Amino acid sequence: MNPLLFVAVAAAGGVGAASRLFLDGLVRTRVGGGFPVGTTIINVSGSLLLGFVTGLAMNHLLAPQWSLVIGVGLLGGYTTLSTASFETVRLAQLRRYGAALANGIGMLVAAVAASGVGLALAFALG
Amino acid sequence: MPRAVHLRWRYLGLVFIGGTVGTGLREGLTLMLPPITLDAGARLPLTTMAINLIGALLLGLLLEALVRRGLDVGRRRTVRLLLGTGALGGFTTYSALATDSALLVHSGAVGAALAYALGTVLLGGLATWLGIVMGAALHRRTQGGTASAAGENA
């Protein structure tokens, strides 16, 4: 990988991470902090978009370097496993086991399904 | 009243810098240790899994250590946004976990998809918990304090 592309992917990840802070804060002020719905929205929407971008790249409808910048960089930095996992463990520590299960397994099922939808949409275009 | 964290350029900038470094590290590691290709042509991204587990442990450690030191203000907030939300948030990823799992299902490797996806989330929870315990122990060793951090959020 050439250095310029590497830097572009990394910086796109920075933009994704800042977008995550912004969107999560926006959701928190609207919904409140009882259930960490912001991270769920971020991870499921990011998974849908990555499925779509990956499908486009597999069908050669998107150049590989754009797939890296948008997929590995922007969407990789936008979505996060560590915060989702932390919020799940905190819910379990508060004995909110149903909420912890929804945040752990529910988010995973929703994100994988969303990725599948994204892939299917891109394959339909090819 | 001060503006909310997510509306301040300084904080968005800290997360951008951290996220750039975290994403660069994830990308570098993935380039050095590419995913394993299965018979069906699907990829088993063990590097992504390791990145997510290490990041989960470190975030648990960081946030627990920070919350035990005091309120989320000043230097503690700077460290949380730069290293936690930014670097570790950008280092770990959920979209790749979901898409690689969906691709494994698509290629017929349903067992591998389940093991990869559930394995990451369950071991990720364990790693986070371990990190929190380590963060608490670290705080006790350096401060001798026992303040509870329950209820605080990232």
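A crossing of two helices is called right-handed if the near helix is turned clockwise from the far one by less than a right angle, and left-handed if the turn is anticlockwise. In the predicted model described here, the crossing of H1(B) and H2(B) is right-handed. Helix H1 of chain B covers residues 9-32 and helix H2 of chain B covers residues 46-69; the two pack at an angle of about 145°, and their axes lie 9 Å apart. On the side of H1(B), the contact is formed by Arg26(B), Leu29(B) and Thr30(B), while H2(B) contributes Thr47(B), Thr48(B) and Ile51(B). By class, the residues of this contact comprise 2 nonpolar, 3 polar and 1 charged.

Chain B as a whole contains 5 helices and 2 strands, which follow one another from the N terminus in the order α-β-β-α-α-α-α. The C-alpha trace of chain B extends over about 55 × 35 × 25 Å along its principal axes. Chain B has 154 residues, of which 51% count as buried. Where contacts in chain B join residues at least 6 apart in sequence, 74% of them link residues at least 24 apart.

Between the chains, 53 residues of chain A are in contact with 51 residues of chain B. On the side of chain A that touches chain B, two or more residues each come from helices H1 (3-31), H2 (37-58), H3 (64-78), H4 (82-93) and H5 (97-125) of chain A. The greatest contribution to this side is that of H1(A), with 17 residues. In terms of residue class, the side of chain A that touches chain B consists of 25 nonpolar, 24 polar and 4 charged residues.

Note on methods. Residues numbered from 1 in each chain as written. Chains lettered and ligands numbered in written order. Predicted model: local features only at pLDDT ≥ 70, side-chain atom pairs only at ≥ 80, totals over all residues. Contact = placed C-beta atoms within 7 Å. Helix = DSSP H or I, 4+ residues; strand = E, 2+ residues; numbered from the N terminus. Nonpolar A, V, L, I, M, F, W, Y, C, P; charged D, E, K, R; others polar. Axes fitted to C-alpha atoms, helices over the stretch in contact; angles between N-to-C directions. Buried ≥ 20, exposed ≤ 12 C-beta atoms within 10 Å, placed from the backbone.
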